[in-house]
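Here is a short tour of a protein model for you to follow alongside your viewer. Please keep the sequence and the structure open as you read.

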Amino acid sequence: MATFVLKQYNLNITYAGSGSGDVTLDPSGGVYTHGQSVIMTAYPNAGSTFTGWSDDHGGTTNPDSIVMNAEKNVVAGFDLSLVTISGTVSTGAGSGVGTLSSMDDYKAMSALLEKEKKQFKGNELAGQTLGVVGLGAIGSRVAQTALLLGMEVIGFDPALSVDAAWRLPSDVKKMENLSSLFARANYVTLHLPALDSTRNLINAEALNAFRDGSVLLNFARDEIVDVSAVVSALKSGKLRKYISDFPHPELLPLEGNVCMPHIGASTDEAEDNCAIMVARQLKDFLENGNITNAVNFPTLQLERTSGFRLAITNHNVPRMLGLVTSVLADANINVIDLLNKSRNDIAYNLFDLESAPSDAVIEQLAAVEGVINVRLL
Ligand SMILES: NC(=O)c1ccc[n+]([C@@H]2O[C@H](COP(=O)([O-])OP(=O)(O)OC[C@H]3O[C@@H](n4cnc5c(N)ncnc54)[C@H](O)[C@@H]3O)[C@@H](O)[C@H]2O)c1
């Protein structure tokens, strides 16, 4: 039965040129890492010297590391600068190479995991302060969940929508600015879009305002974070961890870096839900004129109060609303409710009417200068 050791110490090796090396492992074994994929290597014949470590990089200069469970195990004469590491690690005759899945003894596995669990010791979230940057659809839910986990939650969002404000629990303390959030939070989580104004928002200056030993989580957008500033902050201890789904080569060697695949929406349900959501939003637009998540129109929803609704699009110029309502007034049509919003050059209006406008009235509305489109719904 192979003995597995989960403990890791890095022995950094840059393997330029050619050569070979021998290495002796201490009695508790060792682990070899190749890039980020870890091959658990068992050494029942611990204490012996393994020769001919080899690697499929074939003489490239990529840095790599042998991970061992004691620093002092390199045998005399082992010249790290001449090591060529390639292919699958060869551990010599009589040894085993495998993963936990190759263990077949339940008791041995339980004992091993029990013994080594201290290596996975974490930190309790209860009582810690989470700073949520961006309190929209995702940020507000994260805030809610963190409260349930017993965290204190503070948040910052300069343009909170009415919907998001409704969703937000009152226990979330709103901060006036980012630096006061950074100064109070042990954990900072980002949930804002990548815009010109948010690109590299988390830079060296921002990180300087963080508490020492903070944890930064970024599952929003890569561009929001200046990776070189994060690398420095991890090295200096300003950041204890950077957890994201945006891997960068320069982050990978750092102990405080935790990278995940970009899997925020990777569930069977998410694909279906997206399709259903889009179909519902289109139906609502076609039937009621409501607009959600358009890329070029304002977001606008109005509960229907009558059976007659006009949806009018016009250029975003002065007096349009007056011109349209005067056509309706001249036709003796009462407006029960109306909503008007604009986005850049476009304005969009919904009018709920007490009586049906005739074709002639609709033609008159369409003829108003600046009106682009009129729909009776
Ligand atoms: N990693 C993933 O797989 C994944 C999946 C889904 C969404 N996202 C990203 O997560 C982010 C949040 O998504 P959402 O659905 O909650 O978006 P949302 O539009 O509902 O919320 C974003 C919020 O950020 C706020 N905001 C804008 N500028 C800000 C600033 N400078 N400081 C603080 N807040 C600011 C907005 O006012 C808004 O309330 C988006 O960038 C989205 O693209 C990532």
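Leu310 stands opposite Leu376 in β18. Strands here are DSSP runs of E with at least two residues, helices are runs of H or I with at least four, and both are numbered from the N terminus. The model is predicted: local features need pLDDT of at least 70, side-chain atom pairs count only at pLDDT 80 or more, and totals for chains, interfaces and linings use all residues. Residues are numbered from 1 along each chain as its sequence is written.

Helix α9 (residues 359-367) packs on this sheet and touches β15 and β18, with its direction at about 160° to that of β18. Contact means that the C-beta atoms of two residues, placed from the backbone, lie within 7 Å. Axes are lines fitted to C-alpha atoms, for helices over the stretch in contact, and angles run from 0 to 180 degrees between N-to-C directions.

## How the antiparallel sheet is built

The open sheet has 4 strands in the order β16-β17-β15-β18, with antiparallel pairing. Two strands count as paired if DSSP finds at least two bridges between them. β16 (335-343) and β18 stand at the edges with a single partner strand each, so one side of each has no neighbour in the sheet. On average, neighbouring strands are turned by 15° against each other, direction ignored.

Strand β15 (residues 308-315) is joined by 8 bridges to β17 (residues 346-353), and His315 stands opposite Ile346 in β17. Another 5 bridges link β15 to β18 (residues 371-376), where Ile312 has Val374 as its bridge partner.

## The parallel sheet

A further open sheet holds 7 strands in the order β10-β9-β8-β11-β12-β13-β14, and its pairing is parallel. Its edges are β10 (173-174) and β14 (257-259); each has a single partner strand, so one side of each is left without a neighbour in the sheet.

Strands β8 (residues 129-133) and β9 (residues 152-156) share 5 bridges, and Val132 has Gly155 as its partner in β9. Helix α2 lies across β8, β9 and β11 (187-190), at about 165° to β9. Helix α6 (residues 227-236) lies across β12 (214-218), β13 (239-244) and β14, at about 140° to β13.
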